[in-house]
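Here's a walk through one protein chain, taken a piece at a time. Have the viewer open and follow along.

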Amino acid sequence: MHISNLFKIALRAIAANKLRSFLTMLGIIIGVASVIAMIAIGQGSKQSIQKNISEMGSNMIMIRPGQDRGPGGARQDASEMQTLKLKDYELLKENCRYLAAISPSVSSGGQFVAGNSNTPSTIYGISADYLEIRQLKVQDGEMFTDEDIRTSAKVCVIGKTVADNLFPNGEDPVGRTIRFKSIPFRVVGVLKSKGYNSFGMDQDDLVLAPYTTVMKRILSVTYLQGINASALTEGMTQEAIDEITNLLRESHRIKAGVDEDNFNIRSQEEMAAMMNSTSDTMTLLLLVVACISLIVGGIGIMNIMYVSVTERTREIGLRMSVGARGIDILAQFLIEAVLLSVSGGIIGILCGLGAAWSINVFAHWPVLVQPWSVFLSFLVCTATGIFFGWYPAKKAASLDPIEALRYE
């Protein structure tokens, strides 16, 4: 029998039971749409993470205090860690050959007030190198100076969000005074806007001040909450980490292989790898769930094809009696199963693309539809139709013509 005739017969059989055919395809539609949407979300998240890492500086290194031990060997609370001092910052600044910039870091959260306006935000005590490390730029005004740091001057540079909230009428913030915990700060600059990152954090909701000012006038501490640095190049990040580790161990008198480091060092590359790994794991788990829908859809196709073979047993017998071969019957039902699967797959692809677009527009999640995911979904749904349609088609082809004609 000619292949075009087999397609016509299969299409007529599907059209004769439209609702049943659609319900059969529903599992495939949901499965394919889920696969495309889940891959789009996973790939979009990875791309967004990589973009944020690039914006923050792919060669950035973060040094944080470790869990120092108190009396009796008990680990102290994270807020009480005091293992990083200003002398550590000065030591690294003077001796590290692989660092392009380095800045101490202390911070405090609270309410900022300017006239009748107020806004909650965080003030970060840093040095001027922090702008290079975080790839920030001053749009209006200027950055505070080394002299401001030396004298613990009450000056600050504010982010665009803070500027908009404290000066809603469009006034120029530069030269104006804002208050934080009753301490007046003179605004000397406004940062260029960076917007939100992929985690939904507003990168413009911050205030920068000299680290000496924050340590003495706000926190009243002599220790650092962290040190941020950037390697000369991304390829030198590991050399910089090794150099920092050796210098801090020597300064803190930590014996290699005996004592535990009382500081932690993380790089952007390490964080990116960890976050990408987490994203890949979550995407894989979601894909497994989506693939279950494909399997359920395949079982639905097999079930309906069995029903179809049973309903059309006399028709099969009649076709065989007028010369149809077993291979023709096999091809007829196999084509019908594949058409159901492929049709469901095409609708599923359209639904998946629509779902990815909707997630991006309404939920504001980053998505990236990969062409290979569409091709893979189409390939899988075709294979599903062949795999689950083969056995019912084989059963139809193996029917005895005489017994089939007698079937009631």
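This is a predicted model: local features need pLDDT of at least 70, side-chain atom pairs count only at pLDDT 80 or more; totals for chains, interfaces and linings use all residues.

## Salt bridges

Let's begin with charge. Side chains of opposite charge can pair when their charged atoms come close. In this model there are four salt bridges, among them the pair Glu243 and Arg97, whose closest N and O atoms sit 3.2 Å apart. That pair ties together distant parts of the chain, 146 residues apart: Glu243 belongs to helix H8 (residues 237-251), while Arg97 is in the loop between helix H3 (86-95) and strand S2 (99-114). The two partners have quite unlike surroundings. Glu243 has a relative accessibility of 10%, so it counts as buried, the cut-off being under 20%. Arg97 comes in at 62%, so it counts as exposed, as anything over 50% does.

Another of the bridges joins Glu147 and Arg150, at 2.6 Å from N to O. Both are in helix H5 (residues 146-150), and because they are three residues apart there, about one helical turn separates them. Glu147 is partly exposed at 41% relative accessibility, and Arg150 is exposed at 60%.

Then there's Arg249 with Asp261, a salt bridge with an N to O distance of 3.0 Å. This one also links distant parts of the chain: Arg249 is in helix H8, and Asp261, 12 residues away, is in the loop between H8 and strand S10 (263-267). Arg249 is partly exposed, with a relative accessible area of 29%. Asp261 is partly exposed too, at 24%.

## How H8 and H3 pack

H8 turns up again in the packing. Its partner here is H3, with the two axes 10 Å apart and an angle of about 135 degrees between them. That angle makes H3 oblique to H8, since the roughly antiparallel label is kept for angles over 145. As for handedness, H3 and H8 cross in a right-handed way. Recall that H8 carries Glu243, and that Arg97 is in the loop between H3 and S2.

How do the axes of H11 and H12 cross? Helix H11 (residues 326-363) and helix H12 (residues 371-397) have axes that come within 7 Å, with a crossing angle of roughly 150 degrees. The two are therefore roughly antiparallel, and H11 passes H12 in a right-handed crossing. By residue class, their contact comprises 18 nonpolar, seven polar and one charged residues.

H11 also packs with helix H10 (residues 313-321), this time at an angle of about 140 degrees and with the axes 10 Å apart. H10 and H11 are therefore oblique to each other. The crossing of H10 past H11 is right-handed.

## Around the ends of H12

Pro371 is a residue of helix H12. Is Pro371 buried or exposed? At 64% relative accessibility, Pro371 counts as exposed.

Leu399 sits in the loop between H12 and helix H13 (401-406). It's partly exposed, with 23% relative accessible area. Between the C-alpha atoms of Leu399 and Gly326 the distance is 8.5 Å, and along the chain they are 73 residues apart.

Thr83 is in the loop between strand S1 (60-65) and H3. Its relative accessible area is 6%, so Thr83 is buried. What does the side chain of Thr83 have 2.7 Å from one of its polar atoms? That is the distance to the backbone oxygen of Asn262.

Last stop: helix H7 (residues 211-219). Its buried residues include Tyr211, Thr212, Thr213, Val214, Met215 and Ile218. After H7 comes Ser220, which has a positive phi, near 55 degrees.

How values were computed: Residues are numbered from 1 along each chain as its sequence is written. Side-chain values use heavy atoms; hydrogens and water are left out. A salt bridge is a side-chain nitrogen of Lys or Arg within 4 Å of a carboxyl oxygen of Asp or Glu. Helices (H or I, at least four residues) and strands (E, at least two) are DSSP runs, numbered from the N terminus. Buried means under 20% relative accessible area, exposed over 50%, partly exposed in between (1.4 Å probe, protein chains only). Axes are lines fitted to C-alpha atoms, for helices over the stretch in contact, and angles run from 0 to 180 degrees between N-to-C directions. Angles under 35 degrees count as roughly parallel, over 145 as roughly antiparallel, 65 to 115 as roughly perpendicular and the rest as oblique. A crossing is left-handed if the near helix is turned anticlockwise from the far one by less than a right angle, and right-handed if clockwise. Ala, Val, Leu, Ile, Met, Phe, Trp, Tyr, Cys and Pro count as nonpolar, Asp, Glu, Lys and Arg as charged, and the others, Gly among them, as polar. A polar contact is a pair of N or O atoms within 3.5 Å; within protein, one must be able to donate a hydrogen and the other to accept it, and residues adjacent in sequence count only if both atoms are side-chain atoms.
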